[in-house]
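Visitor: I would like to learn how to read features from a model like this one. Please show it to me.

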Amino acid sequence: MSSGVSTPLSTTSTLSVPTSPDLGSTANSIKLLPKSSLLSASVIIEQIASRSSSTSTLFVYDLAEQVGFGSLTKAWSGADGTAPVVSLQTRSGAGLSLVGRLSQGSSKDSTHGAVLTAYNTPTGLAAMIQSLSYLPAPSQNSRLIIQVPTVTPVGDKFALSPTLAPLTPILSLLPEHFTVLLSATPQEAVDLATLSYKLSNAHVVHIFDHFSSAREIGALNTPSLPDASESVELREGLSQAGYQYFDYTGDSEAHTVIVALNGPLTQLAKAIAAEVPGLGVVSVRVLRPWDEDTFRAIIPASAKHIHVLDDVPAEYAQGSLYIDVYSSLLNPLQPGPVVKSQRITPARTQQFVASPLSFTRFLLSFLPISEQTVSVYGPTSKKVLFFGAPKSALSSVPRLIEQTFASQASITSRLLTDYDVLSKPGGVEANRLVLSAKSTSETYIPSSLALPISPSSPGASDVLVVLDHNLLKSHSLATHAKEGSLILVVSDWSPAELISTVASETLVVIRQRQLRLCVLDAEAVASQIRGESIQSAVVHLAFLRLYLGKGATPEVVFRLAQRSLSDAFQDVNLKELASRVWDGLVEVQVPEEPADAEEAKPVALKHFEFNAIAVETDEGDTVVNGAKLGSWHDAAKHILFPSAFTPPTVDDAVESDLPPNVALRPEVPERTFLVTCTVNRRLTPTEYDRNVFHLEFDTTGTGLKYDIGEALGIHGWNDTDEVLDFCSFYGVDPNRVISIPVPGSDGSKVHTRTVFQALQQQIDLFGKPTKTFYSDLAAYATRQTDKYALQFIGSPEGSSTFKKLSEKDTVTFADILRRYDSARPGIERLCELIGDIKPRHYSIASSQAVVGDRVDLLVVTVDWITPSGTPRYGQCTRYLAGLKVGQKVTVSIRPSVMKLPPEHTQPIIMAGLGTGVAPFRAFLQHRAWLAQQNIPVGPTFYYFGSRHRAQEYLYGEEIEAFILDGTITRAGLAFSRDTRKKIYIQHKMHEDGKDLARLLLREKGVFYLCGPTWPVPDVHEALVGALGEFEGLETEHAATFLEELKEEERYVLEVY
């Protein structure tokens, strides 16, 4: 007889959670969420963020979708009242698209105003922070909100974790105009997500617990959807929502205080503090702006020891929270409490999540008397654990049972669903149901901590329900049941078969913990009434019968289940079914193990490991860890082989028939070549404010070879006059001979040069100082004021000063040495402290097949004025601009993503801004050369944008020639300042939308964009619009198509 569940090897088995909110019968409308509904906070946050009244454009990063946040937003995209959605990948420079959207200039969002939303994980946000430093100041109509679902894969098993370790060490780098909010409970997550759209004077980062609490399905109060026009100050908005910057829990005269960021473990710490005298906990809800006065006021005057819990990637790292707390409580005039940093690594976080008892012991160890027994769960709290196969006939049972309890006015119910797609074919689904009396006095504890699932579990569930009996043969499940509790197994096995089939280790646990074991053949009971389709109702009624215990009768069970079952099973006589269930439940007597029994061969039982989050969209798609999947095979591969989802890397090797010249630059790891400048020609008028110039280098006899689209690394020199001026200031003879260790040689290799040669050709004297340079230089300062200043700038507390010097004042190593002139390390040591000049890379603007032993560059000089009025110059562009014909230059080659397609007949679409046209000149040269060889080539579309045609039509004569001879099939030239209405390349692309859509969708066309970052979203939007208008693709499908082109290297971006 079939068990009524999907078999382990079923290819239709997939992962699912309760369906998303009702999107209506058509794709045109999204219903507003009701004031109270059984939904998760994460779903509500997506609904809030996706509304066009909240957001102008929504950016879903891949890492967010991989943890189950963003799939619904993409599914809703295109419906009435929703914002446009753009999918992005978290790569180097992540966040620059957002910066471009909001920056001054030609971005339409900066012109018309925009409230942008982005989804990304802590790991993804960490990759974005450097780019976010370039964001313009926020305003009512121009700001950024980042919703951060806190889930991070850790360890070799890819287990999901609530750790903030990737993010917290670098949070201090966020610009001052950012507000950082942290929520821990489901209701708090919804409230702070709503508030984030009302703060008009700040960009906002909202970090919420997507690991557990925000995914719990329960009754939530949904506030009215925010409108972008609403405006409120942070403190006022928090107060209106019932919150404050910091929460204090525990003894009002505590001598030991824990400070931690608002999150799941902090909630457990608050529950512990509520029970333990002498202990207090401060949870940080607002990390930025940090309010020192409010923080000091909340710390009890009795506090002697402050322990700051900081998530960090490694023991030696320092989180930002400790720095904030330490600086707030530091008072040189008056002794205060001792502040200690407790660094929590991801491994330790996993330990605490798996065993809340270990976290309790960790906190109690800070107290003078740590041997205490603490119970943080109320006596009325009941915990139910379900294990089953995803997408089986019984998958709906946990949700049905939760609905039954949620309908009771006196009960609070919370349901959390997790998946393990690696330990068993078909995957394992675990549902945690926590039931408690409605009360405002108990501290909320996330389901993941209230009912932990771990190999070392002492048992926490009051009822354990096994919906797939095969799991008893492969997994350790009974260990999760508390002593004296109940296990219900849904199976067609007889009691004798059950006892003989389950693993011996499971029977040992059942005996030791005196567990009650019941079995129910749900399929057999269902067949007596209607058939397999009502199995979930059968299990539902059986559960209520066992849960209610002695007070249960068929009538009581029927009344309790009627509300949740009557709609789904209208034609079923539930009273009769309840009576049948009564008879079908069988309690299994587990015999004592005979004293003379042979020792059974141990079976290595597997343990459930939370490694996947699944979302089921309204269209029926199941999205697991960011991928639409149909079976566990795809889910497991997506986790085990993430590299398969990223483009292959390019071999960095440069082929050459000639041996490398090691003596040329022994300190440089790349292979270098010595080439000769033959042309240095300015392309823009001398009176024009931009100096764009063309360079040609002779490579004869060097062995240098390059491919189309590769980049040339220039090993530039410092300015001669500035080097000599510095030598004079520093009191060092420029002709003195010194020896400098070759990096990476451990001092075993050195090269000998004069001071002038070293400072001009090798040492980055006029580069940007690192933070460690200040600390290292302090050791050589002879004046105390210089020493203290340098030590401060190099310390964590001096981060804001360092940032101002680096980004606003753009100081150089030489500037710092002049400013703190008592710090004078020897010249050889100084060279080691500063380090070498790094090569700057420029796209090659020529095809070697056409130009032979030559390489061309297109360069624009970089210069600016500091706030103090000092002129600054880009070191390498200044060097290149001053090159004389005949001068030798050291260069190297670096591969690039800008490559021509493998088939010459594939259409190419090139879009370049300013000097971004450099690689496209090489493309055009090569295609013209192919045509001369009578080799067929595909259509070539060329889009170019700059400010003025007369001044900045770069390589204009060549382009016109390429147009005339047919090398360029279509040209879209946009000169934004030459017309009353500014025209950009995206407008020209829109005019050709029909052809572009056809080339990309039907003819294997390849699209390239090179230049600054800001037009990326507008160009993307133009292509999505063309695919929709002329090829009938929905917005989401068009965006997905472009993402797929990226993976095929047919949508190539090289932006900076």
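Guide: Take the surroundings of one residue. In this predicted model, threonine 877 touches Phe693, Tyr842, Val859, Val860, Thr861 and Val862, with residues up to four places away in sequence left out.

Visitor: Where is threonine 877 placed?

Guide: Threonine 877 belongs to helix α32, which runs over residues 875-881.

Visitor: Is threonine 877 buried or exposed?

Guide: The relative accessible area of threonine 877 is 6%, and the cut-off for a buried residue is under 20%. Threonine 877 is therefore buried.

Visitor: Which backbone atoms lie by the polar side-chain atom of threonine 877?

Guide: There are two to look at. The backbone nitrogen of valine 862 is 3.1 Å from a polar atom of the threonine 877 side chain. The backbone oxygen of glycine 874 is 3.4 Å from a polar atom of that side chain.

Visitor: What does the side chain of serine 892 make a polar contact with?

Guide: The partner is the side chain of histidine 715, at 3.1 Å. Serine 892 and histidine 715 are 177 residues apart along the chain, yet their C-alpha atoms are separated by 8.0 Å. Serine 892 sits in strand β36, residues 888-894, and is buried, with a relative accessible area of 1%.

Visitor: What share of the contacts in the chain joins residues 24 or more positions apart?

Guide: Among contacts with a separation of 6 or more, 76% are between residues 24 or more positions apart. The chain has 1056 residues, 57% of them buried. Its secondary structure comprises 39 helices and 41 strands.

Visitor: How should I read the packing of two helices?

Guide: Two packed helices are described by the angle between their axes and by the distance between the axes. Here, the axes of α37 (residues 993-1002) and α38 (residues 1016-1031) come within 8 Å and cross at roughly 90°. The two helices α37 and α38 are therefore roughly perpendicular to each other.

Visitor: Which residues of α37 and α38 meet?

Guide: From α37 come Gly993, Lys994, Leu996, Ala997, Arg998, Leu1000, Leu1001 and Arg1002; from α38 come Leu1023, Ala1026, Leu1027, Phe1030 and Glu1031. By class, the residues of this contact divide into 8 nonpolar, 1 polar and 4 charged.

Visitor: What is phi for glutamine 514 and for lysine 1004?

Guide: Glutamine 514 has a positive phi, near 55°. Glutamine 514 is in the loop between α18 (504-512) and β22 (516-520), and counts as exposed at 59% relative accessibility. For lysine 1004, phi is also positive, near 60°. Lysine 1004 is in the loop between α37 and β40 (1006-1011); at 43% relative accessibility, lysine 1004 counts as partly exposed.

Visitor: Is glycine 938 buried or exposed?

Guide: Glycine 938 counts as buried, at 10% relative accessibility. Its place is in the loop between α33 (918-932) and β38 (940-946). Beyond its neighbours within four places in sequence, glycine 938 is in contact with His904, Thr905, Gln906 and Arg927. From glycine 938 to threonine 967, the C-alpha to C-alpha distance is 9.5 Å, and these residues are 29 apart in sequence.

Technical notes: Residues numbered from 1 in each chain as written. Predicted model: local features only at pLDDT ≥ 70, side-chain atom pairs only at ≥ 80, totals over all residues. Heavy atoms only, no water. Axes fitted to C-alpha atoms, helices over the stretch in contact; angles between N-to-C directions. Helix = DSSP H or I, 4+ residues; strand = E, 2+ residues; numbered from the N terminus. Parallel < 35°, antiparallel > 145°, perpendicular 65-115°, else oblique. Contact = heavy atoms within 4.5 Å. Nonpolar A, V, L, I, M, F, W, Y, C, P; charged D, E, K, R; others polar. Buried < 20%, exposed > 50% of the residue type's maximum accessible area, 1.4 Å probe, protein only. Polar contact = N/O pair within 3.5 Å; in protein donor to acceptor, adjacent residues only side chain to side chain.
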